[in-house]
Amino acid sequence: MAELTTTKLNAEAHLLLDQPLLRLPYELTRHTFKTAQRYLEKDTSTLLSTLQSTTSSATKTASPAATLDSLDGMIAKMQGLKRKLEGLHEEEVVHLRSSRKRVDHLKDLYEVASLVDVKYEEWSRIRLTRLLVDYLLRMGYTESAAQLAASKNVTELVDVDAFVVCQKIERSLRQGRRTDAALSWCAEHKQALKKGGWEELEFDLRLQQYVELVRQGHEAVSDDMGSEGMGMGMGMEDGGIGIGGDSGENTKLAEARAHAKKYLAVSADFDILGKAAGLLAYKPWDEVEPYATLYSPNRWDILANKFLTTFYNLYSLPPRPLLHIALSAGLSALKTPSCHSQYTSSSANASSSTTTVCPICSTELNSLARNVPYAHHTKSIVENDPVVLPNGRVYGRERLRTFNEKVGTEPGYTRDPVGGVNGERYREIDVRKVYIL
Amino acid sequence: MRPAPPPFRRKPETLLFTATPQTLAHSPPRAAQSRRHAASTMDDLREQIELLESTANLTTSINDVQHAIDLLTAARAKIAADPQAAPMTLAKLKDPLRKSMDTASKDLKPMYQGLNKYSKALDKKFKDKPLPTAENDALSSHPQLINRAIAMHLLREGEFAVASTFINEANTHPPHPEPTAGTPNPYLDEAWERKLATGTFNSKELQQQFAEMYHVLHELRQRHNLTPAIEWAKAHSDSLEARGSNLEFELTRLQFVSHFTGHSPKDPHLAQDIADGPLQAWTYARTTFAPFQLRYSRELQQLTGALAYSENMTDSPYRRYFYNESAFEEVAISFTREFCSLLGLSADSPLYLAATAGAIALPTLLKLQNIMKEKRTEWTTQNELPVEIPLPPSYHFHSIFVCPVSKEQSTDQNPPMMMTCGHVIAQESLDKLSKGTRFKCPYCPSESNPRDAKKVFL
């Protein structure tokens, strides 16, 4: 009974980490469906109106060639639609297949009753690979992620492609300082973003476009003035820029105003609108707040992060890698005060073949675990029949005996496994029984 | 690699999950019931997916669009043949074409419904399983350390190609530490971390070592070739002996047995006549057994004694040494253990153990989080989890000392102290009980002086 409590596997409670596994392919399938629906609606209405106008013009003027041309256009349009739908169907098939594989993978867990079952170990190793791939993808290590997934044969359980798209857009913002990829992603997911209330991203992208237009406008004006101030002798080059700047002032700032009217005016946030308007008066190099913040290149990082958050939200992905969540919990569950103690633990160390190294003490995790709380225990856990050596080290009698037999200690003596075969030896009568309650 | 067997058994009573809040425990009948229910919701999800895959998808609408194309092509052919009939043909085309396109749009409906049903089933499945929040994330501030742990994991798993791609990618795009609640200023962290994260991790060296390990294991398991393993054990003879490891002897003994049974190595040019076996074994014994004479004299006597039974080994008392099916696997496991231990590493991947323990711990931690939110309380002890996590015994590595007086776990600052009677309590409890003078042990009648209490190490 007592055994059962700690080794029983409750599959249902165990799935806390696995929601994104099913959510993401579902969201992708739904997006495919929505796109198909949109294509169909749009092309149907243009088809029917083209047919309408062709019919009426055919009745009036009756130029057979024109009618045939128009029909060819319609046929081509429909073939285009069919191709697009077929393309979407291919995506759909892939997403559905991976959904099925994932459901099956989770179902496997329900077949396992115990945490000490070999099957659980297999399942958990696949899960670790999934968590690792998720981590690699989030860190932008796509190549490693794809290789690991392929090598462990779990390609259908991970979402390399979706993250590649995500990463491309993120980098276009962070490094490329361009909004177009992100904006077209927003347009593609308009409905879903609206439904989830994540439209802020699009607004911020539009605002950034506006900021860049205003910046260009101001820079053009200043270039123009600069060339004037430097006098006549500067030659054609400066003149060229000057003229460009002059026209730039007119077009860029006007463009910015038009852009704001079109995209920003819809917002009810008058605070930000006020700031945006203020940009027209303050130059990027004026260093006056709050405009300097708006002009700051940091905004691209903020935008990139906002895009990531929105992307994760849309696909029900947690904000931090799943590996972090699993590891934080696991490090604490395994950590004991002995793991960062200055004394070698008698029960788990590398110095004798009768003990194993604890995973938290192992180089991989030791430093990572330094900042997490250690596990709570209400009872001592010690080996059967503990004895203490004169140096204060406590061992189970059986293990001490095994070790000394293996190293071939002389009869009547005993050696400390931590000290090894060359360590000090103690007389067996000095080994005392110790009572640990 | 298997996880090493637990180094010792826990006392049975300590196996009980003793979380303090009653709410954290599951009653078994309810659990069994919800288990059945849960499995059926998985079947439900499976069914929805199958439906979407088989019928409720875009294929029907694609056929409808093809139908529209056919209508248009037919109309075009008719008009091309008879231009005068164009207005008429076009007028006649209108209704079927509209109908065809309406059908295409209507045929999306089953897919729409199927997706909705699936989505509802998903909601139901994960209703009480919120996405884990970032609250417990203590790791975002140490991405370098995570990367190093992953690199080492990949190497010890033998994923050398992935590991080298990863190390390349991680070096080209080094991660940025993010502040977390526990470590708000990751950049200001202690120097040891930066040094560890950048300096001491020599991936090439580690890769070479693990490559050697995999070579040896491959020869052992696939080809039953003991030579590389024996060479390794010879080279590390001193450290192995100091650890009390029998690996070298076990390998040698297995080699002797292999010679004897003539199964030795699965290598064609080393193949031999079975009848030569005992002779080969005898030659091998004469050249290699000498160093083991002192420590393993009894085992050696058994082995050489067995030669006398070479005619009918299967009926002899020595049978179990000579016909052990799993001998190579056993020796491979103990080789892995020794190899990792000499590198100061645990035998199974710590990343695997920690991630698995984490998944086991998460439900309990989540419940705890909810309870604390409801009661608006916080942990009182920041460095210790407030609840016991039930882990299988194989996840216990260190002995744990919980002071029977104060119920606190011992630490370096508050170590376990053994009184002269042999009972152990924590240093702080000892100080409180004795107040520096002779005092009675709380568990037996004996009296002792606190100065005579002895610090012990578990």
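User: UniProt positions are given in the numbering used here, feature names are shortened, and annotations may be inferred rather than shown by experiment; which feature does UniProt place at residues 403-444 of chain B?

Analyst: An unreviewed UniProt entry puts "zinc finger region: RING-Gid-type" there. The model is predicted, with local features needing pLDDT of at least 70 and side-chain atom pairs pLDDT 80 or more, while totals for chains, interfaces and linings use all residues. Residues are numbered from 1 along each chain as written, chains are lettered from A and ligands numbered from 1 in written order, and side-chain values use heavy atoms, without hydrogens or water.

User: How much of that span is helix and strand?

Analyst: The span is 19% helix and 19% strand, and its end C-alpha atoms lie 16 Å apart; helices (H or I, at least four residues) and strands (E, at least two) are DSSP runs numbered from the N terminus.

User: Switching to the interface, how many residues does each chain put into the contact?

Analyst: Chain A contributes 168 residues and chain B 174, where contact means heavy atoms within 4.5 Å. The two chains bury about 15,400 Å², 66% of it on carbon and sulfur atoms; buried area is the accessible area (1.4 Å probe) lost on being put together, summed over both parts. In chain A, the residues losing the most area to chain B are A:Leu16, A:Glu364 and A:Ile381, together 5% of what that side buries.

User: And how many salt bridges cross it?

Analyst: The rule finds eleven between chain A and chain B, each a side-chain nitrogen of Lys or Arg within 4 Å of a carboxyl oxygen of Asp or Glu. One salt bridge joins B:Arg46 to A:Asp104 at 2.4 Å, N to O.

Definitions and conventions: UniProt positions renumbered as here; feature names shortened; annotations may be inferred.
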